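Look over the sequence and the model shown here. The paragraphs that follow take a few parts of the structure in turn.

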Amino acid sequence: MISRNPRRRRTLIASAALAVATLFAGVAPAVQAAPEARSDVFIRDNGNDYGYEDSSGSLYSSPDVRVCFTQILCATDDPIVQGGDAFIHVTLNRPGPYGDGYEKGNLQVWYTKQGTVAQWPNQWNYIGSAANVDVPYGTKTVIIPWKVPIGSHFCLLARWLSPTDLPTEGLSTSTNTRKNNNIAWHNVNAVPAKIKIPQFRPIVFGWDGREPTAVGDIVFTQPGKPFTGPGRITIDLGPDLAARWRAGGAKGEGIERVGETELAIVNPQKARISGLTFKSGEQVPAQLSFTAGAEALEGKYTVHVTQVDQRGNEVGGVEYRITGVQ
């Protein structure tokens, strides 16, 4: 039903304006600009990203976002300490393919639960921003301090906002990241794996699109030297996700059932948990476990946990960088 109440309409317009002002943090409204006058700063989604929209390849482990213990850029993400201090380093690139005009902008960083999906903006939490950032030709790294919350592990989202370079966004974080070269997603977790001592990592799966339900799979891949073998990976689906998996036929490959709700990853090339159904906006919890064997001592490994939809399109994921330690 369409409301004819003018006072209610003015209230709704004011509320919407306030929400937009919060998200864009003081950035002037976008204006029409000729390509040569438009600013186009971009943040890479992966190492082969040159700023073109839509981006291709992996979208959830941006190399231009890194979490370090100090203000000195670390070689790879440091394992953050809950309740401790960290510094988020974001590298901005200029110019992108859609304009080389100069203007200052704002960089924002947000966090959410460690997982494969999150709806924008209601499932994201604001960390901080840097205002009036000047990006020269080439690159510039901006540092945002972060007091790491207690309670879980986290994914990060970086957003670059300038008057002629604003993103077009909807509910889906994965779609927003793919279609906007000034948004980058960084779901990277550093895991110091101790021999014979399981390292647990919470993770959430779900659906961030507008469709009321979606069916998808969880895929495990291990590029480079596999951790499975020198170590062991299991996932505890929990009662909810395990029930959905059984309802979908308990389908999969490269996995082995080792408990009522727990599966072991036995194929390091590819393992898949198939036929999971999610409602829009859900974030269903599960838990991963990484246990290093003696052969994993001081080794370095990468494990990708990726959610794909029923067409095989990537929805999102988390990259785990594992280092075997004594």
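C68 and C74 are both buried in this predicted model. A disulfide links the two, with an S to S distance of 2.0 Å. The angle about the S-S bond of C68 and C74 is -80°, and this link is left-handed. The count of disulfides in the model comes to 1. Another cysteine, C155, has a relative accessible area of 1%. C155 therefore counts as buried, because the cut-off for that word is under 20% relative accessible area.

Next come the strands. Strand β6 covers residues 154-161 and pairs with β7 in the antiparallel sense, over 4 bridges. Within this pairing, L157 has W185 of β7 as its bridge partner.

Strand β7 itself runs over residues 183-186.

Last, the confidence of the prediction. The protein chain has an average pLDDT of 90, and 89% of its residues score at least 70. Over residues 1-22, however, the pLDDT is below 50, and this stretch has 3 contacts in the model beyond near neighbours in sequence. Residues 24-32 also have a pLDDT below 50; beyond near neighbours in sequence, that stretch has 22 contacts in the model.

Conventions
Residues numbered from 1 in each chain as written. Predicted model: local features only at pLDDT ≥ 70, side-chain atom pairs only at ≥ 80, totals over all residues. Heavy atoms only, no water. pLDDT = per-residue confidence, 0-100. Contact = heavy atoms within 4.5 Å. Disulfide = S-S within 2.5 Å. Buried < 20%, exposed > 50% of the residue type's maximum accessible area, 1.4 Å probe, protein only. Helix = DSSP H or I, 4+ residues; strand = E, 2+ residues; numbered from the N terminus. Pairing = 2+ DSSP bridges.
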